[in-house]
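Hi,

Here is the structure I promised to pass on. Have a look at it first, then read my notes below.

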Amino acid sequence: MSMTKDIQTIQHSASGASIQVHPFGATVLSYNNGKKEILFVSESALLDGSKPVRGGIPLVFPIFGPPSNGSTMPQHGFARRNYWTQKQTFDTTTSAGISFELDFQDVSAGIGEQNPWANGDFNCKLQLELEFGPEQLTTKLSIRNTGSKAFPFQTLLHTYYTIQGKAALDPSQCYVKGLERYKLIDKVGNAIDKHPIIIEAEVDRVYDSPTKQLDVTIGVGNNEAVRMTAMGEVDEVSVPVSCVVWNPYVEKAANMSDFGNDQYQEMICVEPGILTYDGVLEATKQASLTQTVFPL
Ligand code: BG6
């Protein structure tokens, strides 16, 4: 199938649920379960392929955050900075879906310099499979090592949820439950490790997993919630899934050119990721990260 630069809308005919996907980064922009929108996209997001989409579900691979080893690979890696190729679509009575692929051979942006990806040492093929209906959206990112050398990696599904009624700062409406036994690594330095997690200031936290399966409940406003589960595998063995929780709050929102000044009141990011796996992905082997979002 040929490469398209158009945003794809996929309908589940039997239920009226739908998703929208931008081929740039294979970024899911919208999941409407037939009743309401679940995802947040910034009013100032750039959709012309000049920058990762600020919203939806950007794909983070092969690094989380800025590189630390002198590499100039940009923050969160190259997966969200390149056009992916659309593959199959389907629409059955139970669910609908679409898939995309990105071959590292076709990656032109976001590799940076002074790292093994830039040196031609590594190779990979990424696949994103999306399946949805009225009850759930499943997002599965698979990474196959198509080179001859093992590589280390991190990956996340950087999911932006919309908070109805702009109630992200109301603790009765916007919260994350289910990370009580996780180890907190605070990237801002202001966090008190209390639960449920609520937004009282800038939130930028990594919760490292004591278990393999992630299972959280996210308050999304209007007295409603979303359940999110996630699991990871490397070479067919389950690995722990960490969870990043992010809200830029006042100052950082004002400093982001692709984000409305007040839009921190309309969103929360809850991002499952393979972050603490300290092995490598061996040549020919596959890793995967699967997230399922259930509007409650
Ligand atoms: C989160 C990080 O995952 O993404 C934050 O923990 C970061 O530190 C945020 O600010 C947004 O990143 P970016 O690169 O999309 O602006």
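Which residue in β2 is the bridge partner of T9? The bridge partner there is Q20. Before I go on, a word on the ground rules: this is a predicted model, in which local features need pLDDT of at least 70 and side-chain atom pairs count only at pLDDT 80 or more, while totals for chains, interfaces and linings use all residues. Residues are numbered from 1 along each chain as its sequence is written, and side-chain values use heavy atoms, with hydrogens and water left out.

Back to the strands (DSSP runs of E, at least two residues, numbered from the N terminus, just as helices are runs of H or I with at least four). β1 pairs with β2 (residues 17–22) in the antiparallel sense, over five bridges; to pair, two strands need at least two bridges found by DSSP.

Now the aromatics. The structure holds 17 aromatic pairs, meaning rings of Phe, Tyr and Trp (its six-membered ring) with centres within 6.5 Å; planes under 30 degrees apart are stacked, over 60 edge-to-face, and the rest tilted. One of them is Y249 with Y264, a tilted pair at 5.5 Å centre to centre and 55 degrees between the planes. Y249 belongs to helix α1 (residues 249–255), whereas Y264 is in the loop between α1 and β18 (267–274), 15 residues apart. Y264 is buried at 8% relative accessible area, but Y249 is partly exposed at 24% (buried is under 20%, exposed over 50%, partly exposed in between, with a 1.4 Å probe and protein chains only).

Ring pairs also join F61, F78, F104, W117, F122, F151, F153 and Y277 into a cluster.

Two rings have a charge over them (NZ of Lys or CZ of Arg within 6 Å of the ring centre and within 35 degrees of the ring normal). K5 lies over the face of Y83, 4.4 Å from the ring centre, and the charged end of R227 sits over F294, at 5.5 Å from its centre.

Last, find V107 in the loop between β6 (96–103) and β7 (124–132). V107 is buried, at 9%. Neighbours within four places in sequence aside, V107 is in contact (heavy atoms within 4.5 Å) with F78, N82 and L102.

Cheers
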